[in-house]
Amino acid sequence: MAGLLLSLGCVGMAPVLRSALLSLETAPVYAEAASVDEATLRRSIARLERRLAARRPAGAYLVVSTTENHFWLYVGGRLIREGRCSTGSYVYLKGSGGRSWLFQTPRGQFFVQSKIVNPVWHKPDWAFVEEGKPIPPPGSPERYEYGVLGRYALAIGNGYLIHGTLYQRLLGLPVTHGCVRLGDADLEVVYRTLPLGAPVYIY
């Protein structure tokens, strides 16, 4: 199980996940030998703690849970902010010509690739399909929408962003098209804390 723990790269994950993984690690100990004493168990946990600490990023990083729609922002392993976010809705959208989209947030380890102030949303084809409108050609002014992504955005690759939202009442719910939405105050802290190249762990 320790191998699984490391292969998942979850050392920088939130306390909830970390505790769950530690439970998975220790559970077989109970199952295999009821006679295992507390000292042995504590040594096992301490060993895992050391392995976790060795793999934890030294700088700032962000952890996002797509099941809890919650985020944790760390600097050097110290939690400095946490709160609600919104991730992919898992809604399936079918377009014409056999095209379809599943709105899910990708999971894994990502990195901040660019940081944008006053981002402009370049609407993809699915946005028009979803609204029941004709799809305009590339570069059409209809594709550019201002002020809907909040004041900041952080790109993590493949078109996915961490950005703000007009619908802050929906934070904590899985309602996005795959991006990670944060509230205004949280977004500003995340934007100012994470440098380019900072890890973003999504699970």
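This is a predicted model: local features need pLDDT of at least 70, side-chain atom pairs count only at pLDDT 80 or more; totals for chains, interfaces and linings use all residues.
Residues are numbered from 1 along each chain as its sequence is written, and side-chain values use heavy atoms, with hydrogens and water left out.

Trainee: How many helices and strands are there in the protein chain?

Mentor: Helices (H or I, at least four residues) and strands (E, at least two) are DSSP runs, numbered from the N terminus. On that basis the protein chain has 5 helices and 13 strands.

Trainee: What percentage of the residues of the protein chain count as buried?

Mentor: Buried means under 20% relative accessible area, exposed over 50%, and partly exposed in between (1.4 Å probe, protein chains only). The chain has 203 residues, and the buried share is 42%.

Trainee: Which residues have the most contacts inside the largest nonpolar core?

Mentor: A nonpolar core is a set of buried Ala, Val, Leu, Ile, Met, Phe, Trp, Tyr and Cys residues joined through side-chain atoms within 4.5 Å. The largest one has 21 residues. Strand 1 (60-65), strand 2 (70-75), strand 10 (152-157), strand 12 (180-182), helix 5 and strand 13 (199-202) each supply at least two of its residues. The residues with the most contacts inside this core are Leu62, Ile162, Leu194 and Val200.

Trainee: Which residues is valine 200 in contact with, leaving aside its neighbours within four places in sequence?

Mentor: Contact means heavy atoms within 4.5 Å. With those neighbours set aside, the partners of valine 200 are Leu62, Gly108, Gln109, Phe110, Phe111, Val112, Ile156, Ile162 and Leu194.

Trainee: Which residues of helix 5 are buried, and which are exposed on the other side?

Mentor: Helix 5 spans residues 184-193, and its buried residues include Asp186, Leu187, Val190 and Tyr191. They lie on the same side of helix 5 because they cover an arc of only 130° around the axis, taken from the directions from the helix axis to the C-beta atoms. On the other side, the exposed residues are Ala185 and Arg192.

Trainee: Where is arginine 143, and which residue does its side chain meet in a salt bridge?

Mentor: Arginine 143 sits in the loop between helix 4 (125-131) and strand 9 (144-146). It counts as buried because its relative accessibility is 6%. A salt bridge is a side-chain nitrogen of Lys or Arg within 4 Å of a carboxyl oxygen of Asp or Glu. At 2.5 Å, N to O, the partner of arginine 143 is aspartate 125.

Trainee: How far apart in space are arginine 143 and aspartate 125, C-alpha to C-alpha?

Mentor: Both residues are buried. They are 18 residues apart in sequence, and their C-alpha to C-alpha distance is 8.8 Å.

Trainee: Which residues do salt bridges that share partners join into one network?

Mentor: The structure holds 8 salt bridges. Lysine 123 pairs with glutamate 145 (3.5 Å, N to O), and lysine 133 pairs with glutamate 131 (3.5 Å, N to O). Through shared partners, the network joins Lys123, Glu131, Lys133 and Glu145.
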